[in-house]
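Please report on the salt bridges and helix packing in this structure. Keep it brief, and work from the coordinates.

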Amino acid sequence: MLSVLDREHTVAPPGYSRWLIPPAALAVHLCIGQAYATSVYKTSLVKHFDTSLTSVGVVFSIAIVMLGLSAAIGGTWVERSGPRKAMFVSACFWATGFLVGALGIGTGQLWLLYLGYGVIGGIGLGIGYISPVSTLIKWFPDRPGLATGLAIMGFGGGALFASPLSRQLLSLYDSGYNPNDSKSLADGGALVALFLTLGLGYFVIMMFGVFNIRVPAEGWKPAGFDPSTVKQKALVTTSSVSAANAIKTPQFWCLWVVLLCNVTAGIGILEQASPMIQDFFRGGDGKSTVAVAAAAGFVGLLSIFNMAGRFVWSSTSDVIGRKPIYAVYLGVGIVAYFLLATVGHNSTAIFVLLAAVILSFYGGGFATIPAYLRDLFGTYQVGAIHGRLLTAWSVAGVAGPLIVNGFLDREGKPGTLTAEAYRPALFTMVGVLAIGFIANLLVRPVAAKFHEKSASSVEAAK
């Protein structure tokens with residue numbers, strides 16, 4: 001029965017619309033994007049396990065580290081097995097992660113939550129994240145930025161659906177929980193029921209993507225598309241580079257640094273967003289002029305810009321090119337961080353605008369990187385190369401919060417900080433983005449010695 005998952009059974013019939021592929025990819029990315037919504041029940045988990053925020057926060061860090069590692073290790077297998085089998089495996093790991101996590105919550109064993117949502121769920125995250133990427137690029141050789149943006153937009157926007165859904169489910173399972181009160185906490189039984197519901201529900205939704213994903217037939221190309229026009233664009237190759245050869249090139253490591261710097265800077269704000277806006281506008285009496293509810297709305301707004309940036313900026317890269325768009329992400333990001341540190345405390349409107357721009361670049365960087373890799377290394381094993389590059393995300397997922405929290409811990413206790421306390425961290429991010437900007441400038445076309453020798457050898461390798 002599982003043979004239906006094999007690559008040969010996913011080849012699209014003649015006349016199949018390529019516009020059916022992004023929704024299939026989106027079904028997976030919207031589900032695994034729930035990883036950004038863990039803050040909804042984080043404090044409830046702290047109370048349930050009678051532990052610290054740091055101990056519970058480790059679950060998210062483990063999941064992001066496993067995302068990068070599983071994407072890197074499993075990337076070649078994903079390319080060889082095809083998107084349907086990879087998306088099915090992702091759904092199984094993601095759902096199992098929730099079920100094992102529910103067991104950990106129900107038995108009071110925090111290590112089972114680490115194993116379930118962190119390790120097992122993290123593997124589902126990594127495989128699911130990269131599984132549709134190379135397929136989308138092959139369906140949209142004329143607009144790879146648009147195609148990957150449509151899918152990866154779902155990962156950034158997953159929290160927009162998961163956050164309110166989780167609150168409503170918790171209120172359904174625990175009559176004492178108020179979804180409109182940020183200080184209200186759910187009991188252990190409600191948390192178990194939430195994890196069970198999300199695990200089973202996400203599995204069903206991801207199955208929609210699994211059975212609707214297709215790969216294009218050999219030699220297929222969009223109507224009116226001339227492959228020879230691809231070569232006319234700067235940095236774009238019509239040759240093929242294997243994943244094994246890609247990591248030997250300086251271009252790969254330049255892009256690794258670019259992604260690392262862009263994500264480190266963005267995640268620094270994303271992880272601290274709610275307390276940050278309150279601290280920036282804290283008066284001499286120790287009280288913030290920004291209410292808790294307004295801070296929660298700010299976090300939601302950032303999620304919208306994170307999601308929108310993945311689509312808008314990646315689509316823009318199809319017009320102006322991948323290298324110029326990253327110059328915008330990193331160069332304008334430097335200016336935005338500098339202004340946030342120096343004048344961001346003068347006006348909430350200025351603060352929100354600057355943070356929104358930074359988060360749109362954060363999302364855009366994720367969505368554009370697969371197209372950048374396609375330009376440099378071709379479509380042959382772009383999914384596997386993308387998987388290896390995502391190890392930069394794993395490093396950034398640890399580095400970003402460490403930089404920000406490390407400076408803040410030296411400045412004082414949470415609830416007493418002001419804008420002044422954030423300046424050292426924000427200026428550090430300026431330096432981080434400057435490193436990424438230089439790395440992007442160093443990107444050049446890949447040398448011919450790294451190319452696959454012939455088209456026939458590429459086909460034989462498949």
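## Salt bridges and packing

Seven salt bridges turn up in a search of the whole structure. The model is a predicted one.

| Pair | N to O distance |
|---|---|
| Glu79 and Lys138 | 3.9 Å |
| Asp279 and Arg282 | 2.5 Å |
| Glu420 and Arg423 | 2.1 Å |

Side chains of opposite charge can pair when their charged atoms come close.

Take Glu79 and Lys138, which form a salt bridge at 3.9 Å. Glu79 belongs to helix 3 (residues 53-81) and Lys138 to helix 6 (residues 133-139), so the bridge ties together parts that are 59 residues apart in sequence. Glu79 is buried, at 8% relative accessible area. Lys138 is partly exposed, at 24%.

Glu420 and Arg423 are a local pair. Both sit in helix 17 (residues 419-441), three residues apart, so about one helical turn separates them. An α-helix has 3.6 residues a turn, so residues three or four places apart point the same way. Glu420 counts as partly exposed, with 49%.

Asp279 and Arg282 meet through their side chains at 2.5 Å. Both Asp279 and Arg282 are buried.

Salt bridges also link Asp318, Arg322 and Asp375 into a network.

### Ser314 in helix 12

Ser314 lies in helix 12 (residues 292-320). Is Ser314 buried or exposed? Ser314 has a relative accessibility of 0%, so it counts as buried; the cut-off for buried is under 20%. The side chain of Ser314 comes to 2.4 Å from the backbone oxygen of Arg310. Which residues does Ser314 touch, leaving out those up to four places away in sequence? They are Gly145, Leu146, Gly149, Gly309, Tyr329, Ala367 and Thr368.

### Helix 1 against helix 7

Helix 1 (residues 21-32) and helix 7 (residues 144-173) cross at roughly 40 degrees, and their axes come within 7 Å. The crossing of these two helices is right-handed. On the helix 1 side, the contact is made by Pro22, Ala25, Leu26, His29, Leu30 and Ile32. Helix 7 contributes Leu150, Ala151, Ile152, Gly154, Phe155, Gly157, Gly158 and Phe161.

### Helix 2 and its cover

Helix 2 (residues 39-49) has buried residues at Val40, Tyr41, Ser44, Leu45, Val46 and Phe49. Their cover includes helix 3, helix 4 (83-107), helix 5 (110-130), helix 7 and helix 8 (188-212).

### Phe407 in helix 16

Phe407 is placed in helix 16 (residues 391-411). Where sequence neighbours within four places are set aside, Phe407 is in contact with Pro424, Ala425 and Thr428. How far apart are Phe407 and Lys47 in sequence and in space? They are 360 residues apart in sequence, and 27 Å apart from C-alpha to C-alpha.

Definitions and conventions. Residues are numbered from 1 along each chain as its sequence is written. This is a predicted model: local features need pLDDT of at least 70, side-chain atom pairs count only at pLDDT 80 or more; totals for chains, interfaces and linings use all residues. Side-chain values use heavy atoms; hydrogens and water are left out. A salt bridge is a side-chain nitrogen of Lys or Arg within 4 Å of a carboxyl oxygen of Asp or Glu. Helices (H or I, at least four residues) and strands (E, at least two) are DSSP runs, numbered from the N terminus. Buried means under 20% relative accessible area, exposed over 50%, partly exposed in between (1.4 Å probe, protein chains only). A polar contact is a pair of N or O atoms within 3.5 Å; within protein, one must be able to donate a hydrogen and the other to accept it, and residues adjacent in sequence count only if both atoms are side-chain atoms. Contact means heavy atoms within 4.5 Å. Axes are lines fitted to C-alpha atoms, for helices over the stretch in contact, and angles run from 0 to 180 degrees between N-to-C directions. A crossing is left-handed if the near helix is turned anticlockwise from the far one by less than a right angle, and right-handed if clockwise.
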